[in-house]
Amino acid sequence: MLYAIVDIETTGSYAAGNGITEIAIVIHDGIKVLHFYESLVNPHIPIPYFIQRLTGIDNSMIANAPSFEEIAGQVFELLQDKIFVAHNVNFDYSFVKHHLKYAGYELDTKKLCTVRLARKVLPGLNGYSLSKLTQQLNINHGCHHRAGGDALATADLLAIILQKDEQEVINSMLKGRNSEQYLPPHLPVEELEKLPSTSGVYYFYNAAGKTIYIGKAKNIRKRVRNHFSNNKITRQKQDFLRETHRISYKECATELMAHILESAEIRRLWPIHNRSQRGYLPEFGLFAYEDMQGYKRFAVEKNRRSFKPIYTFNSITEGHVQLRRLINEFGLCTRLCNISTHPDCGCGDHGAPLEYNKKADEAIAWMRKHLPTFALIDKGIDDNEHSCILIMEGNLYGMGYLTDKQQQLKNIDTLVKRMEPLQDNDYIRNLVFRHATEYPEKCVSFNMQELSHTLS
């Protein structure tokens, strides 16, 4: 069995938008080096300054170097029918495969990642970066961040792994299309094996423990594995693979609860790789406040973190429609509702602030009364419990689990205490309302008067 140990230097982190500036290939039989190939490569795009400082390869060095297309045939011959080995193999393989394909060659070889192999065969070491491994294993590592030095150091590392591989980890990884080869290099496979096959939300973390991605799933284990089922050349995928170090999860009784928790957690943590739900927060709210004369006024404005709105809307128009409904129903002043700016609003005498404010309070109470308050009851994670999603005054309050459904639904205070409060947004609210409309038999409605002491 022959191994082709590969290391490359590039202009960036993903193959689709970057070029190779240097490549080294070490042909190894598992015991010794049989052949060594190294070449600078002209990517025909500028090398970013910070990469020049990292690798020592600047634009002048590659000006007269061959393009990858010129050496593609030789590279392909060296890699063909051998095991492609690299430290963080998915990165190197994605670049080489992409640029070979562009030159007219289709690379399809088995792969081995020396990061993953070292973690399994040499457990308990203090770090598994190439520089840390070479220090701990006394491997001569000549030129850091240069293809030749890194490839030769990786070849020595592979020889040590082969020698100590008593459990035949390498043979196991080479069997068929081993899915573990696609995993992020720093993610222990044990983290995937402990994931449940149930509904819930999963979290990906970087080396510093910061959440970088949150997802929901009907089957957590299957969905997480799907994230790593290929080796796409896009920036997002390569950054994702490189940055993921740990996974955790929270089980949910239903897909709807997983959907809600995912949306709420994305807004709480704002992970860098979550982009699809960033626009779902309601932008406007209906606010009430007293002016200097003591009159209670209403306004539809952009939401602010420091003020809680009576209700939220997707657009200012939607808010004004609701506000005009209150004006017509309770005889409120258009100027005091910030609909009209003209001094002569045509409303006549507003009366004393106390008298006017009574109408404003009645409008708020009427609006709250007509906003739905209900619990959506469904199956629990265990057979001895039920899940509950609580909507109060048209807004999501939270969700949780009931161990005594009949008793706990009788007492609103007890029910509220069992709920985990969650941040409301239009996206979540619409999901719950849609589900409630589709399954009305799951809904338990409450009288708002019963809730007055809870809300105060």
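1. Basis. The structure is a predicted model, in which local features need pLDDT of at least 70 and side-chain atom pairs count only at pLDDT 80 or more, while totals for chains, interfaces and linings use all residues. Residues are numbered from 1 along each chain as its sequence is written, and side-chain values use heavy atoms, with hydrogens and water left out.

2. Confidence. The protein chain has a mean pLDDT of 88, and 94% of its residues reach 70 or more; pLDDT is the predictor's confidence in each residue, from 0 to 100. Residues 448–456 fall below 50, yet this stretch has 18 contacts in the model beyond near neighbours in sequence (contact: heavy atoms within 4.5 Å).

3. Sheet. Five strands form an open sheet of order β3-β2-β1-β4-β5 with mixed pairing. Strands (E, at least two residues) and helices (H or I, at least four) are DSSP runs, numbered from the N terminus; two strands pair if DSSP finds at least two bridges between them. From one strand to the next the twist averages 20 degrees. Strand β2 (residues 20–28) runs antiparallel to β3 and is joined to β3 by 7 bridges; Ala24 stands opposite Glu38 in β3.

4. Helices on the sheet. Helix α3 (residues 68–79) packs on the sheet and touches β1 (3–10), β2, β3 and β4 (83–86), its direction making about 20 degrees with that of β2. Helix α5 (residues 114–121) also packs on the sheet, where it touches β4 and β5 and makes about 60 degrees with the direction of β5. Axes are lines fitted to C-alpha atoms, for helices over the stretch in contact, and angles run from 0 to 180 degrees between N-to-C directions.

5. Helix pair. α5 and helix α7 (residues 147–164) pack at about 35 degrees with their axes 10 Å apart. Thr114, Leu117, Ala118 and Val121 in α5 meet Thr154, Leu157, Leu158, Ile161 and Lys164 in α7. The residues of this contact divide into 6 nonpolar, 2 polar and 1 charged.

6. Ala159. Leaving aside residues up to four places away in sequence, Ala159 touches His28 and Gly30.

Methods:
Ala, Val, Leu, Ile, Met, Phe, Trp, Tyr, Cys and Pro count as nonpolar, Asp, Glu, Lys and Arg as charged, and the others, Gly among them, as polar.
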